[in-house]
Amino acid sequence: MNCQQCLQNVDAYIEKRLPENKIAEVKKHLEVCSACSELVFFGEIAEKVITEEKALNVNPYLSVRVMTQINISKLSEKGYKSIGSFTGILRPFLVAASITVAVFLGIIGGNNYQPKSSSNDIPEEMVYINDANLESLDLLINE
Ligand SMILES: [Zn+2]
């Protein structure tokens, strides 16, 4: 087997789909030819890399997640730059202050709340109730 014949069979040899008699011929040539054995060496490395790459389970959402994170970081970077780093430091204090104001407004609003009809006025329904029927004085008088 010469180099040209060997090169024709190299791919099949590396991918292990060569008949056994051809394998023996290629091996025999590789022992004597350093150029072809070097080719086979790198070919086997490439084959190994390709096989491992095929075996990898690619997460289909990985690229989406990465791109989303990049966009978020870009947006927040822009936001902080336009507002300024001083506001970035003050942000926690501003949030705490706004929560405190909201709580105090709620307490004040709750304390000032009064029902529509004042408790001093007699409700309309009570006017029509006959007190004599609720507590009969006749029973007490007879005994
Ligand atoms: Zn050769």
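**Helices and their contacts**

Biologist: Which residues of α2 do C6, N9 and Y13 in α1 meet?

Modeller: Keep in mind that we're looking at a predicted model. On the α1 side, the residues are C6, N9 and Y13. Sorted by kind, the residues of this contact come to four nonpolar, two polar and one charged. The partners over in α2 are K22, I23, V26 and H29.

Biologist: At roughly what angle do the axes of α1 and α2 cross?

Modeller: Two packed helices are described by the angle between their axes and the distance between those axes. Here the axes of α1 and α2 come within 10 Å. The crossing of α1 past α2 is left-handed. As for the angle, the axes cross at roughly 115°.

Biologist: Which element gives the largest share of the largest nonpolar core?

Modeller: That core has seven residues: C6, Y13, I14, V26, L30, C36 and V40. The elements giving two or more residues to this core are α1 (3–14), α2 (20–32) and α3 (34–55). With three residues, the largest share comes from α1.

Biologist: And C36, which residues is it in contact with, leaving aside neighbours within four places in sequence?

Modeller: C36 is one of the residues of that seven-residue core. Leaving aside those sequence neighbours, its contacts are C3, C6, H29 and L30.

Biologist: How far apart are the end C-alpha atoms of α3?

Modeller: α3 has 22 residues, and at 1.5 Å a residue it should span 32 Å. The model agrees with that, because the end C-alpha atoms are apart by 32 Å.

Biologist: What is the count of buried residues in α3?

Modeller: α3 is hardly covered. For the protein chain, 5% of the 143 residues count as buried. Among the 22 residues of α3, the count is two.

Biologist: Does K16 count as buried or exposed?

Modeller: K16 sits in the loop between α1 and α2. Its phi is positive, about 60°, although K16 is not a glycine. K16 has 8 of them inside 10 Å, so it counts as exposed.

Key: Residues numbered from 1 in each chain as written. Predicted model: local features only at pLDDT ≥ 70, side-chain atom pairs only at ≥ 80, totals over all residues. Buried ≥ 20, exposed ≤ 12 C-beta atoms within 10 Å, placed from the backbone. Core = buried A, V, L, I, M, F, W, Y, C linked by C-beta atoms within 7 Å. Helix = DSSP H or I, 4+ residues; strand = E, 2+ residues; numbered from the N terminus. Contact = placed C-beta atoms within 7 Å. Axes fitted to C-alpha atoms, helices over the stretch in contact; angles between N-to-C directions. Left-handed = near helix turned anticlockwise from the far one by under 90°. Nonpolar A, V, L, I, M, F, W, Y, C, P; charged D, E, K, R; others polar. Expected span 1.5 Å × (residues − 1).
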